[in-house]
2 protein chains.
Amino acid sequence: MTATPRYQQIAQMLRAAIANGTYKVGDLLPTEQELCATHEISRHTARDALRLLTEAGLVTRKRRAGTVVAAATPPTVFVQPLGGFQDLLQYARDARLKILAYGPAPADGFARELGLDPGGWRELRGQRGTGTATVGLTRVLVRTDCAPTQAEIEERPTIADAIEARYGIAAARIDQQISAMVLDGQVASLLGSEPGSAALLTRRFYHDGHGALFLASESAHPADRFVYSMSFNRERSE
Amino acid sequence: MTATPRYQQIAQMLRAAIANGTYKVGDLLPTEQELCATHEISRHTARDALRLLTEAGLVTRKRRAGTVVAAATPPTVFVQPLGGFQDLLQYARDARLKILAYGPAPADGFARELGLDPGGWRELRGQRGTGTATVGLTRVLVRTDCAPTQAEIEERPTIADAIEARYGIAAARIDQQISAMVLDGQVASLLGSEPGSAALLTRRFYHDGHGALFLASESAHPADRFVYSMSFNRERSE
DNA sequence: TGCCTCTATTTGTCCGGACATATTTTCATT
DNA sequence: AATGAAAATATGTCCGGACAAATAGAGGCA
């Protein structure tokens with residue numbers, strides 16, 4: 001009869017009440033004590049129910065303030081999980097970064113294009129590929145206070161990994177923009193492609209825990225050799 | 001001194017023990033009773049600690065079998081949350097789909113390119129934009145047993161939304177591939193772009209709960225009008 | 001009015017216990 | 001040896017209680 005546990009039943013009732021507007025966003029849910037009284041359950045059971053709602057992101061709880069509705073529906077429907085920086089780059093596992101140049105950011109270089117002061121950054125130019133096949137041409141800006149050496153970069157799969165290993169600065173947020181471009185003669189020859197062919201252009205911005213940018217990159221990938229794939233899964237919410 | 005709660009301390013100790021190989025993947029962690037005895041805590045506290053590890057995906061628990069290590073490191077480091085189908089498409093909120101053609105899939109059309117039997121699918125051609133500005137040219141395949149009418153599609157922001165509303169078929173997994181292309185004369189004129197300019201090409205495959213494909217789309221977006229942006233956040237694991 | 005302190009309230013942590021349920025192991029039976 | 005019943009065991013659910021910590025709100029004070 002009562003196959004589902006009590007605390008899940010309570011949680012489901014509250015979820016429904018939130019969904020149908022009985023409790024609107026910003027409203028206060030009943031306190032734990034009130035739930036205990038109205039449903040004749042122990043405080044522990046009430047807490048378990050509210051814990052489910054908290055984990056789903058539907059409510060937030062604060063001492064003395066109570067439980068307030070944060071969203072009428074579970075905030076995220078789909079998620080794209082990433083195992084690490086390599087999954088973001090989507091190069092083959094054995095693709096290596098060949099560094100062509102690495103030094104203080106020139107005044108008229110990548111930093112200027114992004115509206116950054118070249119003084120505080122180091123610029124790297126390189127190409128990525130496996131063996132002789134080049135799959136991407138890259139420009140990178142690294143903040144000088146967390147710039148690894150060339151050797152440290154080359155022994156890690158990505159620059160972000162090198163920074164995390166060397167300086168302990170971990171990316172908290174990464175913004176990525178993908179657009180398309182037509183290869184001009186110079187870039188095409190570096191990539192071994194036909195001038196006038198298409199390429200994918202990815203820009204990535206790595207932010208630390210304070211939201212400050214510490215790493216930026218721009219890469220061109222010939223369309224005939226590179227497709228950016230991603231997979232989204234619907235979150236289980238029961 | 002002991003600012004952090006006991007159960008979080010225990011969880012951290014276990015996390016560390018898993019990370020440094022004291023417990024390897026597949027090993028059994030101490031039972032709740034053993035944790036109670038060794039750390040002189042109540043079973044409730046031990047359970048709270050193990051709950052944290054379970055939520056992080058580090059361990060799985062089964063009655064009688066105990067707690068086994070599922071992964072040495074938290075499985076997902078970054079997540080890209082999506083609120084719905086519109087976030088995937090990344091068109092402006094007021095962008096509308098103008099349907100140019102909608103009917104049974106022709107034998108030599110999009111279905112053939114994807115290796116699908118044209119008999120079971122309906123093909124749609126359209127363009128998306130706001131007012132007069134066209135931002136994308138689209139080909140879509142819809143499985144015939146869940147194909148909405150043209151009116152149903154036009155009154156919803158996306159075709160996936162229309163299918164979910166009309167047939168109750170919700171996408172469980174969406175695969176997306178992004179590549180680049182050069183616009184030829186015919187497509188360029190439809191999009192109002194220069195022939196030979198670059199465009200972003202997105203292919204999306206929507207799968208239902210059984211993993212079966214029910215919706216596929218291919219869209220071309222002029223690079224000068226469209227950039228695909230995404231944001232990844234590091235998962236909080238504490 | 002503005003600022004401060006104090007209090008009451010609500011959630012967070014932790015303890016103790018009990019029974020339920022699923023699953024493995026053991027052992028008796030065939 | 002194969003099968004099936006029973007026991008043992010680890011987690012899941014639920015109850016009761018107690019104190020701690022944070023903080024919104026009331027009330028007092030300048």
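1. First, some ground rules. This is a predicted model, where local features need pLDDT of at least 70 and side-chain atom pairs count only at pLDDT 80 or more, while totals for chains, interfaces and linings use all residues. Residues are numbered from 1 along each chain as its sequence is written, chains are lettered from A and ligands numbered from 1 in the order in which they are written, and side-chain values use heavy atoms, with hydrogens and water left out.

2. Start where the chains meet. On the chain B side, 43 residues are in contact with 43 residues of chain A (contact means heavy atoms within 4.5 Å). Together the two chains bury about 3,400 Å², and 59% of that is on carbon and sulfur atoms. Buried area here is the accessible area, taken with a 1.4 Å probe, that two parts lose on being put together, summed over both. Which three residues supply more of chain B's share than any other three? They are B:F78, B:M230 and B:F232, with 18% of the area that chain B buries against chain A.

3. Now the polar side of that interface. The rule finds 18 residue pairs in polar contact across it, both residues at pLDDT 80 or more. A polar contact is a pair of N or O atoms within 3.5 Å; within protein, one must be able to donate a hydrogen and the other to accept it, and residues adjacent in sequence count only if both atoms are side-chain atoms. There are also two salt bridges across the interface, a salt bridge being a side-chain nitrogen of Lys or Arg within 4 Å of a carboxyl oxygen of Asp or Glu. B:E164 forms a salt bridge with A:R234, with 3.6 Å between the closest N and O atoms.

4. Which parts of chain B touch chain A? At least two residues each come from α3 (43–55), β3 (78–82), α4 (85–89), β7 (173–182), β8 (198–207) and β10 (228–234) of chain B. These labels are DSSP runs numbered from the N terminus: helices are H or I with at least four residues, strands are E with at least two. The largest share, ten residues, comes from β7(B). By type, the touching residues of chain B divide into 25 nonpolar, twelve polar and six charged.

5. Over all chains, the salt bridge count comes to 31. In one of them, B:E32 pairs with B:R47, the closest N and O atoms being 2.7 Å apart. The pair links helix α2 (residues 32–39) of chain B, which holds B:E32, to helix α3 of chain B, which holds B:R47, 15 residues apart. B:E32 is buried, at 11% relative accessible area, whereas B:R47 is partly exposed at 39%. The cut-offs are under 20% for buried, over 50% for exposed and partly exposed in between (1.4 Å probe, protein chains only).

6. B:D48 and B:R51 meet at 3.6 Å, N to O; they are three residues apart in helix α3 of chain B, so about one helical turn separates them. B:E113 and B:R203 meet at 4.0 Å, N to O. Because B:E113 lies in helix α5 of chain B and B:R203 in strand β8 of chain B, this pair ties together parts 90 residues apart in sequence.

7. Over in chain A, look at helix α7 (residues 159–167), where A:I159, A:A160, A:A162 and A:I163 are buried. They sit on the same side of α7(A), because they cover an arc of only 160 degrees around the axis (the arc is that of the directions from the helix axis to the C-beta atoms). After α7(A) comes A:G168, with a positive phi near 70 degrees.

8. Most residues other than glycine have a negative phi. A:R64, in the loop between β1 (59–62) and β2 (66–69) of chain A, has a positive phi near 70 degrees and is exposed at 86% relative accessible area. B:Q90 is not a glycine either, yet its phi is positive, about 65 degrees. B:Q90 lies in the loop between α4 and β4 of chain B and is partly exposed at 23%.

Note on methods. Nonpolar A, V, L, I, M, F, W, Y, C, P; charged D, E, K, R; others polar.
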